Amino acid sequence: MKKYRIAIVGAGGIVGAHIAAIASHADRVELVALVDIDQNRVEQICHENRIPNAYTSVSEMLERERPDLVHVITPSATHTSLSIQCLKAGAWVFCEKPLCGSLAEFDAITRAEAETGRYVSTVFQWRFGSAGKHLKKLIDTGALGKPLVGVCNTLWYRTQDYYGLAWRGTYQDAFGGPTVTLGIHLMDLFLWLMGDWEEIRAMTGTLDRDIEVEDVSMALVRFANGAMTTVTNSALSPRQESYMRFDFQKASVECTTLYRYNNEHWKISLPPHVDEPDTLAQWEALTEDVQGSHEQQLRELLDSMDAGQRPFVSGSEARRIIEFISCLYKSAKTGLPVKRGDLTAEDPFYFTNKGIVEVPA
Ligand SMILES: NC(=O)c1ccc[n+]([C@@H]2O[C@H](COP(=O)([O-])OP(=O)(O)OC[C@H]3O[C@@H](n4cnc5c(N)ncnc54)[C@H](O)[C@@H]3O)[C@@H](O)[C@H]2O)c1
């Protein structure tokens with residue numbers, strides 16, 4: 001069987017997770033090149049990991065290597081242009097989160113997909129854990145009853161030093177604060193599990209970090225199925241926690257963790273004084289214990305490439321969180337509720353979470 005030729009663009013902090021994920025599929029792929037604008041860094045990482053070709057230019061790499069798949073893992077503001085460049089060179093793309101900073105950018109990527117017949121999948125490894133997938137199945141089959149109430153909290157802690165890297169606290173380069181940089185994983189998982197969201201009312205604040213963007217956001221969200229939830233994203237929480245809670249008609253399901261989860265991080269509770277052995281049995285039917293990881297997501301992406309089909313976390317499955325975040329910022333900045341579908345190309349929040357489109361002088 002032909003092995004897919006993979007290249008990575010970006011040799012920073014997250015590159016190790018991508019190299020390990022690729023290595024775990026060595027029977028299906030070969031890592032042919034790494035690109036970074038920092039020549040010393042790219043040569044060092046290539047040397048340490050026996051990657052045969054180091055480049056400082058993406059165009060040159062695409063021209064010479066003709067990869068089937070490119071992992072784009074550079075700073076977020078470069079994702080859209082690099083993803084489109086790779087699509088146009090004939091490659092599929094596996095791009096780190098956040099894929100882009102606006103619906104305008106997302107829709108440009110979608111147009112490039114349509115032109116090239118290739119696809120871009122966003123890295124959202126949290127969707128690939130066995131417990132999350134199991135819960136999705138139980139929700140979709142109605143085994144737990146209707147979802148009624150939910151909580152999605154990303155309560156993390158980032159110091160002023162963390163924001164010392166100038167790009168981190170800005171709309172232009174980071175697209176926002178913890179909402180888009182930290183909470184995006186949990187919110188993506190939460191929204192996927194809960195079904196279509198319908199309306200959001202949000203507040204953002206910059207309470208304790210000297211940055212342009214928010215260091216905390218809170219939102220009330222109503223879903224199409226009627227469920228009501230709260231969503232909090234914080235960079236200010238000394239006891240860090242990622243927490244999701246779903247109250248269904250028949251049970252509460254909770255996940256308490258920090259950066260990743262296994263089955264042990266999840267628990268189910270039945271209503272007091274109710275004996276529902278069927279509900280418990282359905283939850284306990286979960287036997288495999290898989291952590292959501294880059295490796296798991298890459299496996300399914302390679303399956304999609306084999307089948308020539310749109311990968312799971314792309315298209316409408318990737319647009320949902322970008323639209324949600326844009327609407328969260330719009331609600332916070334206007335003080336008004338925002339409905340899903342409200343953001344059209346006439347709206348400044350279609351272009352930027354800052355809500356102000358800056359025209360170059
Ligand atoms: N999925 C996750 O859990 C996870 C975790 C951490 C980071 N990330 C995401 O991964 C991305 C990268 O994060 P990081 O922490 O590795 O960043 P980083 O700043 O450590 O590294 C980025 C690298 O990209 C290089 N670079 C910048 N512009 C480039 C260009 N045009 N062409 C080639 N190389 C270029 C830089 O020189 C640097 O080496 C970000 O989007 C971040 O949000 C995801």
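**Helix packing**

Tutor: The crossing of α1 and α11 is right-handed (the near helix is turned clockwise from the far one by less than a right angle). Helices here are DSSP runs of H or I with at least four residues, numbered from the N terminus, and strands are runs of E with at least two. This is a predicted model: local features need pLDDT of at least 70, side-chain atom pairs count only at pLDDT 80 or more, and totals for chains, interfaces and linings use all residues. Residues are numbered from 1 along each chain as its sequence is written.

Student: Which residues of α1 and α11 make the contact?

Tutor: Ala17, His18, Ala20 and Ala21 of α1 meet His294, Glu295 and Leu298 of α11. Contact means C-beta atoms, placed from the backbone, within 7 Å.

Student: What about the class of those residues?

Tutor: The contact of α1 with α11 has four nonpolar, two polar and one charged residues. Ala, Val, Leu, Ile, Met, Phe, Trp, Tyr, Cys and Pro count as nonpolar, Asp, Glu, Lys and Arg as charged, and the others, Gly among them, as polar.

Student: New topic. Where is Asp27 found?

Tutor: Asp27 sits in the loop between α1 (15-23) and β2 (29-35).

Student: Is Asp27 buried or exposed, and why?

Tutor: Asp27 is exposed because 7 other C-beta atoms lie within 10 Å; 12 or fewer counts as exposed, 20 or more as buried, with C-beta atoms placed from the backbone.

Student: And how many residues surround the ligand?

Tutor: There are 21, and the closest are Gly10, Gly12, Gly13, Ile14 and Glu96. A residue is near if its C-beta atom, placed from the backbone, lies within 6 Å.

Note on methods. Two residues are in contact if their C-beta atoms, placed from the backbone, lie within 7 Å.
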